[in-house]
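User: I have a model open and would like to learn how to read its features. Could you walk me through it?

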Amino acid sequence: CGRNFEYYSEDPLISGLMAAAVTQGVQAHPGRGTTVKHYAANNQEYNRYNSNSHVSERAMREVYLRGFGICVRRSQPAAVMTSYNLLNGVHTSEHSGLLNDILRGEFGFQGIVMTDWVISAMSGGENKYPSADAGRVAAAGGELFMPGSSADADSIRAAMQRRALKEDRLRRNVSNLLRTIRKLKQYDKHVYFSSLSRLPCRVSGRRAAARASSGVRHRRTRPRQFALIKPPSAMRCSSSSSGV
């Protein structure tokens, strides 16, 4: 696996347990959270921005998702970062099945989902696939599009105008983001949140779109308080780990 130099192990049981233990240790300190990455099937370094991982459901569940599931169920990390690659033709950050059905629905994840660093230069040249789009990411349930720009805010507004992104979905995204910020106690109550006495938030759709994609919010939340934990794009799954 070309990206295994970033991960704890090729074995999802080992890496899942290690990531969970580190997450528990980090998050035992108030105001600290980990970001588990890269979700998922992040198999190669070459052409990593535009590669397309073709993986069967059995391989995904037995190998590539297992480590994430162990970590999330045992330690509830503050955030999960999606990978650059596409999965069976869909960007992982735009994959509702990965984010909603599996990560949140099956694993019970309660934190925020953020993208890896997505910039316009990644979509240049003769790439077969377009880069991830902020509007599609938000529609799939991603709360934080990194690094965030005015073009990304425009993309979210355009998705709302053509009804590809519903306002209730955007409200849930923003609510999840604010809930995590409040939990970590790394928010500027005098600038952004003094009027928010309870969640889910009451930010209007357009204001939420602009704020959800902006890099300003991420800088306000002091990202250095997050530790990056990287479970594997593991290559093997022992039978002993099937019940974990």
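User: Which residues on the other side of H6 are exposed?

Analyst: Happy to start there, with a reminder that this is a predicted model. On that side of H6, Ser150 and Gln161 are exposed, where exposed means over 50% relative accessible area.

User: And which residues of H6 are buried?

Analyst: The general idea comes first. An α-helix has 3.6 residues a turn, so residues three or four places apart point the same way. Now the case here: Asp152, Ala153, Ser155, Ile156, Ala159 and Met160 are buried in H6. Looking down the axis of H6, you find its buried residues within an arc of 155°, so they line one face of the helix.

User: How do I check the span of H6 against its end C-alpha atoms?

Analyst: Count 1.5 Å a residue: the twelve residues of H6, 150-161, should then span 16 Å. The end C-alpha atoms of H6 are 16 Å apart, so the two agree. Just after the helix, take a look at Arg163, where phi is positive at about 65°.

User: Let's turn to strands. How many residues of E1 are buried?

Analyst: Seven of the seven residues in E1, which covers 33-39, are buried, so the strand is mostly covered.

User: Which strand is joined to E1 by three bridges, and do they run parallel or antiparallel?

Analyst: The partner is E3, residues 79-82, and the two strands run parallel. To find one of the pairings on screen, select Thr35: its bridge partner in E3 is Ala79.

User: Which residues does Ser51 touch?

Analyst: Leaving out residues up to four places away in sequence, Ser51 touches Gln44, Asn85 and Leu86.

User: How does the chain read as a whole, and how many helices and strands does it have?

Analyst: There are ten helices and seven strands. Of its 244 residues, 54% count as buried. Among contacts between residues at least 6 apart in sequence, 81% join residues at least 24 apart. Finally, the accessible surface is about 11700 Å², with 49% of that belonging to carbon and sulfur atoms.

How values were computed:
Residues are numbered from 1 along each chain as its sequence is written. This is a predicted model: local features need pLDDT of at least 70, side-chain atom pairs count only at pLDDT 80 or more; totals for chains, interfaces and linings use all residues. Side-chain values use heavy atoms; hydrogens and water are left out. Buried means under 20% relative accessible area, exposed over 50%, partly exposed in between (1.4 Å probe, protein chains only). Helices (H or I, at least four residues) and strands (E, at least two) are DSSP runs, numbered from the N terminus. Two strands pair if DSSP finds at least two bridges between them. Contact means heavy atoms within 4.5 Å. Accessible areas come from the Shrake-Rupley method with a 1.4 Å probe; for residues, only the protein chains shown count as cover. The expected span of a helix is 1.5 Å times one less than its number of residues. The arc is that of the directions from the helix axis to the C-beta atoms.
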